[in-house]
Amino acid sequence: MTQTDSAAIVLAAGEGTRMRSRRPKVSHPLAGRPLLGHVLDTLDAVGVGRRVVVVGPNMPQVEAIAAPHPTVPQTERLGTAHATLQARLALDDPSGTVLILYGDTPLIRPETLRAMVEARDNAAVVVLGFRAVDPTGYGRLVTGADGALEAIVEHKDASEAQRAITLCNSGVMAVDGRLLFPLLDRVGNDNAKGEYYLTDIVALARADGHRCAVVEGDEAEMLGINDRAQLAAAERVVQDRLRAAAMAGGVTMTDPGSVILSMDTRFGQDVTVGPFCVFGPGVTVGDDVEFKGFCHLEGCVIEAGATVGPYARLRPAAVIGEGAHIGNFVEVKKATVEAGAKVNHLTYIGDARVGAKANIGAGTITCNYDGFAKHHTDIGAGAFIGSNSALVAPVKIGDGAIIGAGSAISRDVPADALSLTRAPQDTREGWAAKFRSRMKRLTGKG
Ligand code: UD1
Ligand code: MG
């Protein structure tokens with residue numbers, strides 16, 4: 001197959017009733033990416049550019065996930081052959097291989113599809129099969145003495161002898177594009193379910209003298225998502241794959257099973273990830289970064305040599321510069337913490353810049369929200385913000401300035417100045433001792 005004339009049809013018109021969701025099934029995320037997105041990514045990896053997604057009526061979310069690829073509606077759910085036929089106009093007489101996949105079967109690997117595409121050289125129809133531990137409900141692959149595929153029989157239509165076959169249909173097919181639609185035109189619905197079965201094209205192709213073949217894959221890859229428990233099972237598989245890939249790429253994980261990654265998590269080399277860290281979508285990590293345990297990150301960049309956590313929260317558009325320190329119970333949102341800056345304890349930095357090598361004391365808060373709008377805080381390089389300070393935005397602290405502990409700063413502070421807001425300290429010698437003896441007299445306690 002030349003990659004240019006190959007195409008794919010992804011069936012995603014199912015309602016996904018068993019998900020008990022208001023959203024279409026294929027829009028549910030797995031490792032931060034919709035189920036359908038996983039299938040489309042796999043097609044990218046295989047180099048199948050042209051594709052059409054068959055959607056149910058009124059599924060704008062699915063159209064958005066499919067974009068820029070076109071979607072076609074299947075207005076009545078009359079079976080997998082009928083669904084596949086809806087792609088006919090959009091594909092416009094394909095001449096190469098057409099892959100047919102399900103939008104709710106996200107674990108199939110690129111290498112598996114590549115094996116199917118190769119097998120297509122010697123067969124008009126290639127079906128991805130697997131040995132099912134429990135074949136109930138699956139279509140059975142009926143093979144001849146030479147191992148070639150003769151027919152697919154749906155469970156409900158199968159004889160006792162056919163039900164004993166454990167080689168099952170995953171649903172994925174690679175079909176000669178010149179034959180696909182003419183074969184589909186001939187599929188009827190005289191069967192147990194009264195549906196137009198895509199699987200019938202195998203027997204039809206055989207009857208025309210075409211060879212059909214099976215490529216066998218691992219059952220774990222074939223998991224289709226019908227309910228939330230299967231979604232969770234698929235999540236485990238994807239997480240295992242992502243963690244293995246991260247470690248293979250040079251990331252140390254002290255307790256990999258407790259770390260959650262996203263499809264697009266990017267790690268540099270020699271990164272260390274402690275236990276119970278969650279990497280939501282859109283996280284990019286440079287070399288030599290250390291995450292201590294229990295961090296939660298999304299949509300952020302952590303540059304080389306930074307240390308983060310334990311218990312840090314980095315939210316979208318947080319950028320942590322080279323060698324910066326983000327410590328425990330620190331939240332950073334839409335803010336740049338420049339190289340070598342330290343924000344070590346109990347702090348909120350939002351809509352802000354923390355200049356290089358600045359030191360932010362424990363309990364500092366950038367007060368970025370006035371109930372109506374968000375405002376910016378700019379902290380200059382080398383500034384020192386005393387503990388428990390409130391920086392009321394918009395406000396600018398100059399390079400090298402010092403803010404006294406416990407201050408509420410709402411006006412700009414020039415470079416190298418000291419600024420503090422504090423009631424004068426009032427100390428009364430002996431007061432506490434006198435207080436205690438008076439209270440003892442009055443109450444008899446203490
Ligand atoms: C199908 C196969 C079966 C295979 C099994 C693997 C057929 C006839 N049977 O059975 O051999 O073992 O998958 O899981 O193909 N869909 C549409 N429109 C429709 C019908 C289905 O878009 O009109 C989509 C569904 O959203 C789903 C996929 O096609 O993603 C499969 O449909 P489903 O009803 O689950 O088929 P099965 O009966 O499980
Ligand atoms: Mg099914």
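In which loop does P68 lie? In this predicted model, P68 is placed in the loop between α2 (60-66) and β5 (71-73). The peptide bond that joins A67 and P68 is cis, with omega at about 10°. A cis peptide bond also joins G309 and P310, where omega is about 0°. P310 belongs to the loop between β20 (307-308) and β21 (312-314). Most peptide bonds are trans.

Positive phi values were examined next. K357 is a residue other than glycine, yet its phi is positive, near 60°. The loop that holds K357 runs between β24 (342-354) and β25 (359-360). K357 is exposed, at a relative accessible area of 65%. D416, again not a glycine, has a positive phi near 65°. The loop between β32 (408-409) and β33 (418-419) contains D416. Relative accessibility for D416 is 65%, and D416 counts as exposed. Most residues other than glycine have a negative phi.

Ligand 1 sits in the largest pocket. The ligand is surrounded by 20 residues. The closest of these are Q74, G79, T80, E154 and N169.

Backbone atoms also approach ligand 1. A polar backbone atom of G79 lies 2.9 Å from an oxygen atom of the ligand. For G14, the distance between a polar backbone atom and a ligand oxygen is 3.0 Å. For A13, a backbone N or O atom is 3.1 Å from an oxygen atom of ligand 1. Taken alone, ligand 1 exposes 750 Å², and the protein buries 87% of that area.

The cysteines were then checked for disulfides. A disulfide is a covalent bond between the sulfur atoms of two cysteines. With a cut-off of 2.5 Å between sulfur atoms, the count comes to 0 disulfides. C295 has its closest cysteine sulfur in C277, at 4.5 Å, so the two are too far apart for a bond. C295 is buried, with 2% relative accessibility. For C300, the closest cysteine sulfur is that of C295, at 10 Å, which is also too far for a bond. C300 is buried as well, at a relative accessible area of 1%.

Definitions and conventions. Residues numbered from 1 in each chain as written. Chains lettered and ligands numbered in written order. Predicted model: local features only at pLDDT ≥ 70, side-chain atom pairs only at ≥ 80, totals over all residues. Heavy atoms only, no water. Buried < 20%, exposed > 50% of the residue type's maximum accessible area, 1.4 Å probe, protein only. Near = heavy atom within 4 Å. Polar contact = N/O pair within 3.5 Å; in protein donor to acceptor, adjacent residues only side chain to side chain. Areas by Shrake-Rupley, 256 points an atom, 1.4 Å probe, with all protein chains shown as cover. 1 Å grid on protein atoms, 1.4 Å probe; cavity = no way out; pocket = protein on both sides within 12 Å on 5 of 7 lines; lining within 4 Å. Sits in = over half its atoms within 2 Å of the grid points. Helix = DSSP H or I, 4+ residues; strand = E, 2+ residues; numbered from the N terminus.
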